Amino acid sequence: MPKFMDIHHGMKGLGADDIKAAHQADLAIQSEEGVTFEHAWADTDSGDVFCLSDAPSAGAVQRIHERAGHKADEIHQLSVSL
């Protein structure tokens with residue numbers, strides 16, 4: 001299954017609990033699109049949040065994020081892992 005890294009910009013001012021709640025919203029519905037979110041990271045200074053997932057497509061990742069209330073600004077398929 002393809003692996004994706006997505007980025008959310010503009011989430012500045014959110015604390016760890018806010019980021020965790022957003023991630024939990026994704027996890028609650030991820031199976032409906034065949035997505036498995038593996039991990040999320042946040043840079044609270046810049047407001048950027050990064051999510052790593054396995055998914056059938058970038059569209060599936062985006063649909064989960066949109067339904068959870070936080071559309072991704074960028075989604076990148078990762079083709080090389082070291």
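The reply below begins with how to read the model and then turns to the cavity.

Reply: This is a predicted model, in which local features need pLDDT of at least 70 and side-chain atom pairs count only at pLDDT 80 or more, whereas totals for chains, interfaces and linings use all residues. Residues are numbered from 1 along each chain as its sequence is written, and side-chain values use heavy atoms, leaving out hydrogens and water.

Searching the whole structure turns up one cavity of 30 Å³ or more (a set of points on a 1 Å grid over the protein atoms alone, where a 1.4 Å probe fits but cannot get out). The largest cavity holds about 70 Å³ of space, a volume being the space filled by probe spheres set on the points, which are joined across faces, edges and corners.

Its lining (residues with an atom within 4 Å of a point) is made up of His8, Met11, Ile19, Ala22, His23, Asp26, Ala40, Val49, Cys51 and His70. At least two lining residues come from each of helix H1 (16-29) and strand E3 (48-54), where helices of at least four residues (H or I) and strands of at least two (E) are DSSP runs, numbered from the N terminus. It is H1 that gives the most to this lining, with four residues. Sorted by class, six of the lining residues are nonpolar, three are polar and one is charged, with Ala, Val, Leu, Ile, Met, Phe, Trp, Tyr, Cys and Pro counted as nonpolar, Asp, Glu, Lys and Arg as charged, and the others, Gly among them, as polar.

Technical notes: On a 1 Å grid over the protein atoms alone, a cavity is a set of points where a 1.4 Å probe fits but cannot get out, and a pocket is an open set with protein on both sides within 12 Å along at least five of seven lines; lining residues have an atom within 4 Å of a point.
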